[in-house]
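Dear colleague,

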Amino acid sequence: MTTTILLSERSGPVKKLRAEGHIPAVVYSSRMDSEHVTVPEKEIRASLKRNPRAILNVTLPSKTKQPVIVHEVQKDSLTGQLLHIDFLQINMKEQLDTSIAVHFTGEAKGTKEGGILQIETHEVMIRCMPNKLPEHLAIDISMLGIGEHITIADLKVPKHVEVLSDPETILATILGMQKLDAAVEPAAEQAEEAAESI
C-alpha cells in the first residue's frame, strides 16, 4: 500500500463540496459504523487511473488509518464528473472477495479474417489475501478464430488467487459476418412487414 489519502469529515452542501474539489464518500465496514466523509478529487482520480481496485491506506477524520478498496464509483454519465465514492474497509489478515478486470491482449486472428470481436465479460470475481490482489487478469486472444470463444476457465491465474465466477462464463467470442447478417435479417423483415401493414 503506497497510496495514503486523507479523508475529511463531510459538512456543508454536496454541490459546494464538489465545487471545492472534494467528493462525497462513505467508508463501509463490518466492524464499525459507516462514516460519511469527503475525499480529494485529484487524489482519488489519480488512484483510480493507476489501478481502480488498488488497496488504499486512508486516514479517517478520527486520525485512524485503515486499508480500504474502492467498492463503487458514481459518475455523471455526461460529464464524467465524480459524484460519490464507496470505500470498503478490509482486514489485511483475511481473504478478500472482489471483482477484478480482465485485460484482453493480442489481435484475434478471427478479426483479420473478417470476424467481429465481442467482449461478453469484463470482470470476474476472485478471492485472495489482500496483499496478493493482482491489478488485473490478462488473457491472450490472438489465436481466437471465427466462431470460437474463450471462457473464464481459460484464464491463467496466480496460484494464490481463487476464481469464484462460473468457469463456463464466456469472456469473448469472434462472430462471423454470417451470424451478424442472420441477426439483422429478421429485424429487417419485421420492419418491412410492419411498413406494409400500415
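Lys63 counts as exposed, because its relative accessibility is 64% and the cut-off for that class is over 50%. Please bear in mind throughout that this is a predicted model. Lys63 sits in the loop that runs between strand E5 (55-59) and strand E6 (65-75). Its phi angle is near 75 degrees, which is a positive value in a residue other than glycine.

Of the 6 residues of E4 (residues 35-40), 5 are buried, so the strand is largely enclosed by the rest of the structure. On one side, E4 pairs with strand E3 (residues 22-28) in the antiparallel sense, over 6 bridges. Within that pairing, Val27 has Glu35 of E4 as its bridge partner. E3 and E4 form a hairpin, with 6 residues between them. E4 also pairs with strand E2 (residues 8-9), again in the antiparallel sense, over 2 bridges. In this pairing Glu9 stands opposite Val37 of E4, and Ser8 has Thr38 of E4 as its bridge partner.

The nonpolar interior comes next. In soluble globular proteins, nonpolar side chains tend to be buried together. The largest nonpolar core here has 22 residues, and those touching the most other members are Val124, Ile126, Ile150, Leu155 and Leu171. Two or more residues of this core come from each of strand E8 (96-105), strand E10 (123-128), strand E11 (137-140) and strand E14 (170-175). A second, separate core contains 18 residues, including Ile23, Val27, Leu48 and Phe87.

Which residues does Ile126 contact, once its neighbours within four places in sequence are left aside? The contacts are Leu96, Asp97, Thr98, Ile100, Leu133, Pro134, Leu137, Val161, Glu162, Val163 and Leu164. Two of the residues in that list, Asp97 and Glu162, return below among the charged pairs.

Side chains of opposite charge can pair when their charged atoms come close. How many salt bridges does a search of the whole structure find? The search finds 4, and I describe several of them here.

Arg127 and Asp97 meet through their side chains in a salt bridge, at 2.7 Å from N to O. Since Arg127 lies in strand E10 and Asp97 in strand E8, the pair ties together parts that are 30 residues apart in sequence. Arg127 is partly exposed, with a relative accessible area of 28%. Asp97 is likewise partly exposed, with a value of 38%.

Arg127 also forms a salt bridge with Glu162, at 3.9 Å from N to O. This second pair links distant parts of the chain, with Glu162 in strand E13 (residues 162-163) and Arg127 in strand E10, 35 residues apart. Glu162 counts as partly exposed, at 40% relative accessibility. Through shared partners, the salt bridges join Asp97, Arg127 and Glu162 into one network.

Elsewhere, Lys16 forms a salt bridge with Glu20, and the closest N and O atoms are 2.6 Å apart. Lys16 is partly exposed at 47% relative accessibility, and Glu20 is partly exposed at 45%.

Finally, I report on one of the pockets. Rolling a probe the size of a water molecule over the atoms shows where empty space is left. The second largest pocket has a volume of about 180 Å³. Its lining consists of Ser29, Ser30, Arg31, Leu88, Gln89, Ile90, Asn91, Glu94, Gln95, Leu96, Asp97 and Pro130. Strand E7 (82-89) and strand E8 each supply at least two residues of this lining.

With kind regards

Definitions and conventions. Residues numbered from 1 in each chain as written. Predicted model: local features only at pLDDT ≥ 70, side-chain atom pairs only at ≥ 80, totals over all residues. Heavy atoms only, no water. Helix = DSSP H or I, 4+ residues; strand = E, 2+ residues; numbered from the N terminus. Buried < 20%, exposed > 50% of the residue type's maximum accessible area, 1.4 Å probe, protein only. Pairing = 2+ DSSP bridges. Core = buried A, V, L, I, M, F, W, Y, C linked by side-chain atoms within 4.5 Å. Contact = heavy atoms within 4.5 Å. 1 Å grid on protein atoms, 1.4 Å probe; cavity = no way out; pocket = protein on both sides within 12 Å on 5 of 7 lines; lining within 4 Å. Points joined across faces, edges and corners; volume = space filled by probe spheres on them.
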